[in-house]
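I opened this model to go through its helix, its surface, its loops and its ligand site in turn. These are my entries, in the order in which I looked things up.

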Amino acid sequence: MPFGGGAHMCLGLHFAMMVMKVLLHHVVARYRLEPLPGPTHDWQPWPIARPRDGLRLEMRRIC
Ligand code: HEM
């Protein structure tokens, strides 16, 4: 529930999601992302969904 819920749910959630998608577009358009060997990728659902032990990536610029 990264943006909360109910009466005081985040007012900027749609703007924030758009900004994150624009950022993600710029990253995937310019870099190749490869996961590095490391800890198992268990899922942690709370408070913000993410791999429990992080997710180490190698970024290589492709253009
Ligand atoms: C990744 C970005 C963001 C996250 C994770 C986030 C998260 C949250 C959370 C957890 C709350 C509390 C919700 C609750 O009490 O239930 C909140 C409230 C709020 N957020 Fe965000 N937020 C983000 C970006 C933004 C942006 C960009 C804006 C404005 C442009 C914004 C404006 C607000 C406002 C005005 C509230 C108060 C709403 C109220 O009390 O009625 N947030 N946000």
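I began with Val27, whose place is in helix α1, helices being DSSP runs of H or I with at least four residues and strands runs of E with at least two, numbered from the N terminus. The model is a predicted one, in which local features need pLDDT of at least 70 and side-chain atom pairs count only at pLDDT 80 or more, while totals for chains, interfaces and linings use all residues. I also noted that residues are numbered from 1 along each chain as its sequence is written, and that side-chain values use heavy atoms, with hydrogens and water left out.

Val27 counts as partly exposed because its relative accessibility is 22%; buried means under 20% relative accessible area, exposed over 50%, and partly exposed in between, with a 1.4 Å probe and protein chains only. From Val27 I looked across to Met59, 32 residues apart along the chain, and found the two C-alpha atoms separated by 9.1 Å.

I checked Leu57, which sits in strand β4 and is partly exposed, at a relative accessible area of 39%.

**Salt bridge**

How many salt bridges does a search of the whole structure find? I found one, taking a salt bridge as a side-chain nitrogen of Lys or Arg within 4 Å of a carboxyl oxygen of Asp or Glu. Glu58 forms it with Arg60, and the closest N and O atoms are 3.1 Å apart. Glu58 is partly exposed, its relative accessible area being 30%.

**Loops**

Is Gln44 buried or exposed? Gln44, in strand β2 (residues 43-44), counts as buried because its relative accessibility is 14%. A polar atom of the Gln44 side chain lies 3.0 Å from the backbone oxygen of Trp46. I then followed the chain from Trp46 to Pro47, where the peptide bond is cis, with omega near 0°; Pro47 is in the loop between β2 and β3 (50-51).

Thr40, in the loop between β1 (31-35) and β2, counts as exposed at 55% relative accessibility. Asp53, in the loop between β3 and β4, counts as partly exposed at 46%, and its C-alpha is separated by 7.6 Å from that of Thr40, 13 residues apart along the chain.

**Ligand site**

Which residues come nearest to the ligand? Of the 13 around it, they are Pro2, Phe3, Gly5, His8 and Cys10, where near means a heavy atom within 4 Å. The shell divides into nine nonpolar, four polar and no charged residues. An oxygen atom of the ligand is 2.9 Å from an N or O atom in the side chain of His8, and an oxygen atom of the ligand is 3.4 Å from a polar backbone atom of Gly5.

Methods
A polar contact is a pair of N or O atoms within 3.5 Å; within protein, one must be able to donate a hydrogen and the other to accept it, and residues adjacent in sequence count only if both atoms are side-chain atoms. Ala, Val, Leu, Ile, Met, Phe, Trp, Tyr, Cys and Pro count as nonpolar, Asp, Glu, Lys and Arg as charged, and the others, Gly among them, as polar.
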